[in-house]
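The sequence and the model are shown first.

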Amino acid sequence: MSQDYTQEINRRRTFAIISHPDAGKTTLTEKFLLYGGAINLAGSVKGKATARHAVSDWMEIEKERGISVTSSVLQFEYGGYCVNILDTPGHQDFSEDTYRTLMAADSAVMVIDASKGVEAQTRKLFKVCVMRRIPIFTFINKMDRDANDTFELLDEIEKELGIATCPVNWPIGSGKSFKGVFDREKGCILTYEDTQKGTREGETTEIALKDGETARSFVGEELYGRLLDEIELLDGASAEFDLGQVRKGELTPVFFGSALTNFGVEIFLQHFLEMATPPLPRRADIGEIVPAEREFSAFVFKIQANMNKAHRDRVAFMRICSGKFDASKEVRHVQGGRTLRLSQPQQIMANERKVVDEAYAGDIIGVFDPGIFSIGDTVCAPGESFAYEGIPTFAPEHFARVRQIDTMKRKQFVKGITQIAQEGAIQIFQELNYGMEEIIVGVVGVLQFDVLKYRLENEYNVEIKLENLPYEHIRWIENRDIDMDRLTGTSDMKKVRDMKGNPLLLFVNAWSVGMTLDRNEGLILSEFGRD
Ligand code: G4P
């Protein structure tokens, strides 16, 4: 290592926000940026009008944005930290990319709507965080609206997600009677005042819990009494705060607040940045790569096609894992076996692209991809050669059989669908004992079906028909020596292979998965596909 980048790397915090649509992810991100001074006014992260779109609007949206919201990485400085927020698109944009983005983050912020509790999309994204064992910080949002019982909310997180919770603060009332939170560490009440505008200086006063008279006069007799009872119960029942457990993803610190009215956001940000880890070592085929002890290295976690329609260009998004990126230097693309200079390196902000000359471990860069990169590829310093552990394939949830309308265009069809699958937008499967004449497409979000149809027509001049299939569950078979023909499952089960030739099974319901496991002793099924 020629230079010491420890300081730059250690001040980096790279995280993704996971939530169900409408829990308040965008609003919270806006407030973070406000504190970071990255934008002057909250509300300019992304146009709501473009963020909420119907499936049929996809083309228009792409045109309008020029770049999909799915590509946003926001960077800002706060309190000496350099913070990278990776957007995990929801709504109709939800796709496998949403999962892959989590592979590039070092920690996750989970936003939960206090009146809804744990919802479907949060549950799915949470599973990936658990697989990676990254720290998860919980922000229970919308306390200015009527909320579920606090103990029940925590119970739900523990039971549904299987992670212990440790409230860092505790809400006093909710909705119209929301009075603020009790800071357990400081032993004081932080008062809430509805600013509505969410200005930077939310007028919060600290009242020591011991100062009963002042506290009572602010929160009222009833809520004060209830707070004392709840704190007592909490001190007896909840997990002790343990930073080690937090960093292993076994315990989630919980904060309460209201992103919209900007209450509890800065405290959350401060605690979160202190508790979260800087970029950690990552596993490669030669062992662990320590961020500050190696020259530049990165891996590709996402490929975005058609950033510029006129040129059919692609952008490969890379997470830097070690050292410093210097745009003037050459790098080695390990899987391609070539040394090259990364072209047009840029940071993709919400509404703009900014050229970057240098970046450090923890940062994300997007580079022009002439079609050489695949998801999971490693780039490193020219003198080195190692490969980071691959990115798993995530289970699609919607399946369709693809039929080509003009069978004369077989070649274009196979080329197009294979390329789109390589970019990671869709997964393709073949029925056992069939060739490419029977293709089943699997996607994580249904919008990807429209994307596939549109792209095949526009880029490859191939028209297709999609016929929806009823499968909802997919399992990769872990047993290497399996005889697929002898496997007995339920009548609705389908045996297929993925692009790499791995055998897997499609099921209509969870019951069939269980039944098949029962009928085949020793069968090991997995929800993630590996290289
Ligand atoms: P998302 O990115 O997770 O999908 O959620 P987003 O921030 O867009 O918030 C969804 C809706 O919830 C928005 O209302 C937003 O204003 C509201 N919201 C977010 N945080 C809070 C909060 O702390 N308290 C309350 N009361 N509301 C909150 P909308 O009406 O759908 O959009 P808009 O018209 O306000 O932009």
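## Basis and overall composition

The model is predicted, with local features requiring pLDDT of at least 70 and side-chain atom pairs counting only at pLDDT 80 or more, whereas totals for chains, interfaces and linings use all residues. Residues are numbered from 1 along each chain as its sequence is written, and side-chain values use heavy atoms, with hydrogens and water left out.

The protein contains 14 helices and 33 strands. Helices (H or I, at least four residues) and strands (E, at least two) are DSSP runs numbered from the N terminus. Of the 531 residues, 56% are buried. Buried denotes under 20% relative accessible area, exposed over 50%, and partly exposed the range in between, with a 1.4 Å probe and protein chains only. Among contacts between residues at least 6 apart in sequence, 71% join residues at least 24 apart; a contact is a pair of heavy atoms within 4.5 Å.

## The four-stranded sheet

Four strands form an open sheet in the order E7-E8-E9-E10, with antiparallel pairing. Its edge strands, E7 (169-172) and E10 (206-208), each pair on one side only. From one strand to the next, the twist averages 30°. Two strands are taken as paired if DSSP finds at least two bridges between them.

E7 and E8 (residues 180-183) pair in the antiparallel sense over four bridges. Within this pairing, Asn 169 has Asp 183 of E8 as its bridge partner, and Ile 172 has Gly 180 of E8.

Helix H9 (residues 221-237) lies across E7, E8 and strand E9 (188-191) and runs at about 150° to E7. Such angles run from 0 to 180 degrees between N-to-C directions, the axes being lines fitted to C-alpha atoms, for helices over the stretch in contact.

## The eight-stranded sheet

A second open sheet is described here. Eight strands are arranged in the order E28-E25-E27-E26-E30-E31-E29-E32, with antiparallel pairing. The edge positions belong to E28 (464-469) and E32 (525-526), each of which pairs on one side only. Strand E29 (residues 473-477) and E32 pair in the antiparallel sense over two bridges, and Ile 477 stands opposite Leu 525 in E32. Helix H12 (residues 410-423) lies across E25 (398-404), E26 (427-431), E27 (439-443) and E28, at about 155° to E25.

## Packing of H2 and H11

Two packed helices are described by the angle between their axes and the distance between the axes. Helix H2 (residues 25-36) and helix H11 (residues 265-275) pack at an angle of about 75°, with their axes 10 Å apart. H2 is therefore roughly perpendicular to H11; angles under 35 degrees count as roughly parallel, over 145 as roughly antiparallel, 65 to 115 as roughly perpendicular and the rest as oblique. H2 contributes Leu 28, Lys 31, Phe 32 and Tyr 35 to the contact, and H11 contributes Val 265, Glu 266, Phe 268 and Leu 269. By class, the contact comprises six nonpolar, no polar and two charged residues. Ala, Val, Leu, Ile, Met, Phe, Trp, Tyr, Cys and Pro count as nonpolar, Asp, Glu, Lys and Arg as charged, and the others, Gly among them, as polar.

## Salt bridges

The whole structure has 29 salt bridges, each defined as a side-chain nitrogen of Lys or Arg within 4 Å of a carboxyl oxygen of Asp or Glu.

| Pair | N to O distance |
|---|---|
| Asp 155 and Lys 159 | 2.9 Å |
| Arg 184 and Asp 235 | 3.0 Å |
| Glu 221 and Arg 216 | 3.0 Å |

Asp 155 and Lys 159 both lie in helix H7 (residues 150-161), four residues apart, about one turn of the helix. Asp 155 is partly exposed at 38% relative accessible area, while Lys 159 is exposed at 65%.

The bridge between Arg 184 and Asp 235 links distant parts of the chain, with Arg 184 in the loop between E8 and E9 and Asp 235 in helix H9, 51 residues apart. Arg 184 is partly exposed, with a relative accessible area of 26%.

In the remaining listed pair, Glu 221 is exposed at 55% relative accessibility and Arg 216 is partly exposed at 34%. Salt bridges also link Glu 8, Arg 11, Arg 12, Glu 77 and Asp 363 in a network.
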